[in-house]
Amino acid sequence: MAVALQVLPRLARAPLRPLLWGGPGARLASGMALAEQARMLFENTIGAVLPGPMMHRALSLDPSSGQLKVRDRSFQLRQNLYLVGFGKAVLGMAAAAEELLGQHLVQGVISVPKGIRAAVECSGKQEMLLKPHSRVQVFEGAEDNLPDRDSLRAALAIRQLAEGLTADDLLLVLISGGGSALLPAPIPPVTLEEKQTLTKLLAARGATIQELNTIRKALSQLKGGGLAQAAYPAQVVSLILSDVVGDPVEVIASGPTVASVHNVQDCLHILNRYGLRAALPRSVKTVLARADSDPHGPHTCGHVLNVIIGSNALALAEARRQAEALGYRAVVLSAAMQGDVKSVATFYGLLARVAGAHLTPPGGAGVSVEEEEQLHEQAAALQLPDLQLKEALEVVKGAQGPICLLAGGEPTVQLQGSGKGGRNQELALRVATELGQRPLGPVDVLFLSGGTDGRDGPTDAAGAWVMPELASQATAEGLDVATFLAHNDTHTFFHRFQGGAHLLYTGLTGTNVMDVHFLALAPGCMVGLYTSHPGPLLHVHSPNHNGTMAALFRP
Ligand SMILES: Nc1ncnc2c1ncn2[C@@H]1O[C@H](COP(=O)(O)OP(=O)(O)OP(=O)(O)O)[C@@H](O)[C@H]1O
Ligand SMILES: O=C(O)[C@H](O)CO
């Protein structure tokens, strides 16, 4: 996986050059080029939302006066700066903060995913590592994104640092997705194990991140404004890399520097909705009952500045720019893609059919009015506040060549089986099923779904890419897609299918702005699409069964 990351810069630097298509084997060649480009687009999109550049955009220090500017607010630094952080992108954020503010930094504690330092080191991203004698103490924990003893130790160290601050101090809080699991401090008598079980059950039953984090806040000392309270009377500046649709600061990492607006009734509704209220451990009931009668009410956070410094929308804007540089007409459909993964897959299936029909030359499939209506109905059912479907279809209608429809967000999976997978792999496989159900005519179609953190669910893949032929090819390999889907076993499927060639492997990326989805369509025999294919052998990073690298595309 480390090797995989090292490949990225080479791909990114490869010159764009035209690939002429047509003649025998053109469909296959263009299909392979789509895969190569989609994969590259994914990697470059992640490259654009790495923590360093976003921190540099948000912070500036005047070295002579010691004035720190965060957006339009100024803070006076005089050896009074402390730092804490928790989340999948926080190592790189802390490294950037140290680089920018090092001489003012007195002490710091961060909680980051297990193995991230080694992964970053192997990938050669030195700029995402802290200095050798850093004043920032690093805890690694929360393997598989679940709170554990290591992240509990980190949370206690963070609380201790915050509680020791005075009114003269400034606490910089670095927050990114995955922060909830990396900052567990359950209110006694709730134990870590009880909190872990409840979180797992809620997630497995399809609870949204808003619901999940409402419960987490109610049971935590530090979430829902608790950290800000612990740091009072120090001033607090939180820099937040959003991994939640709509960038709600109170939800991201369970809002440790944002006062919670939820009450116990909200929690009970959620627990009821997922059939968990009756079986609650006594400790959870005790804490909820206590909160109900708390005379102090929710924490106040008037001493806090919360700033979003990076988001999925930013990643998609970059993806669009890159897709256009590759010769696609590109449109961002939505940065708020959410809902059940099955409905989202149906939407993409319909979208591919409608867009594909528009792209088909005269005499081809033609657009079915019924399908276009179904597409709009499905889109309405998803209730995406920022969906640009009409605009996208206009672009498709006017397109002469390949198009790339981009979206991002975080669909949810209702786990029914005990297989190994993640929402990106599950979405991709479901879209493949949709695409395979009806031939699309002479149009090459590719759908890619990947998590920008590089970890899809509890797997080491970031996601997967698919094409309409997948289901029939799988059958030929003796793999029944429906069975794998029924068991939520999509990682096992992709691992076996074509030797894992459709999995996306980036390793831990060091950032986390949710997932991105690319739907690329190209008329089958078109000429003049650009590729960055560097030469006789393109290195891609799909480990085969032994975990070694496979070179997949040969001209
Ligand atoms: N076997 C599976 N198949 C499909 N999805 C799964 C499977 N196992 C877990 N998931 C899903 O993976 C998600 C958890 O993934 P992950 O650990 O990457 O969290 P995340 O939401 O990306 O992390 P964060 O919120 O911290 O950014 C949950 O939505 C869960 O339903
Ligand atoms: O950590 C969390 O709570 C999720 O990643 C949402 O931010």
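## A buried glycine

G85 is buried, with a relative accessible area of 0%; buried means under 20% relative accessible area, judged with a 1.4 Å probe and protein chains only. This is a predicted model, in which local features need pLDDT of at least 70, side-chain atom pairs count only at pLDDT 80 or more, and totals for chains, interfaces and linings use all residues. Residues are numbered from 1 along each chain as its sequence is written, chains are lettered from A and ligands numbered from 1 in the order in which they are written, and side-chain values use heavy atoms, with hydrogens and water left out.

You can find G85 in strand 5, residues 81-86; helices (H or I, at least four residues) and strands (E, at least two) are DSSP runs, numbered from the N terminus. Setting aside neighbours within four places in sequence, G85 is in contact with V90, V109, I110, S111, I158 and L174, where contact means heavy atoms within 4.5 Å. G85 and I175 are 90 residues apart in sequence, yet their C-alpha atoms are 5.7 Å apart in space.

## A buried serine in a loop

Now look at S242, in the loop between strand 9 (235-241) and helix 11. S242 also counts as buried, at 0% relative accessibility. Its side chain makes a polar contact of 2.7 Å with the side chain of D247. A polar contact is a pair of N or O atoms within 3.5 Å; within protein, one must be able to donate a hydrogen and the other to accept it, and residues adjacent in sequence count only if both atoms are side-chain atoms. Beyond four places in sequence, the residues in contact with S242 include I252, I308 and N512.

## Around ligand 1

Of the 19 residues around ligand 1, N145, G178, D243, R423 and N488 come nearest; a residue is near a molecule if one of its heavy atoms lies within 4 Å of it. An oxygen atom of ligand 1 is 3.0 Å from a polar backbone atom of G178, and another pairing puts a polar side-chain atom of R423 2.9 Å from an oxygen atom of the ligand. The protein buries 85% of the 640 Å² that ligand 1 exposes when taken alone, with areas from the Shrake-Rupley method and a 1.4 Å probe.

Domain 1 (2-10 + 33-49 + 312-530) and domain 2 (63-185 + 224-259 + 299-310) both give residues to this shell, so ligand 1 lies between them. The domain bounds come from an automatic or database domain assignment.

## Around ligand 2

Which side chains have polar atoms close to ligand 2's oxygen atoms? S180 has an N or O side-chain atom 2.4 Å from a ligand oxygen, N213 has a polar one at 2.9 Å, and R216 has one at 3.4 Å. The protein covers 92% of the 230 Å² of accessible area that ligand 2 has on its own.

Domain 2 and domain 3 (187-219 + 262-297) both give residues to the shell, so ligand 2 lies between them. Helix 9 gives the largest share, three residues.

Among the buried ones are N213 and R216. What covers the buried residues of helix 9 includes helix 7, helix 8 (192-204) and helix 11 (264-273).

Key: Buried means under 20% relative accessible area, exposed over 50%, partly exposed in between (1.4 Å probe, protein chains only).
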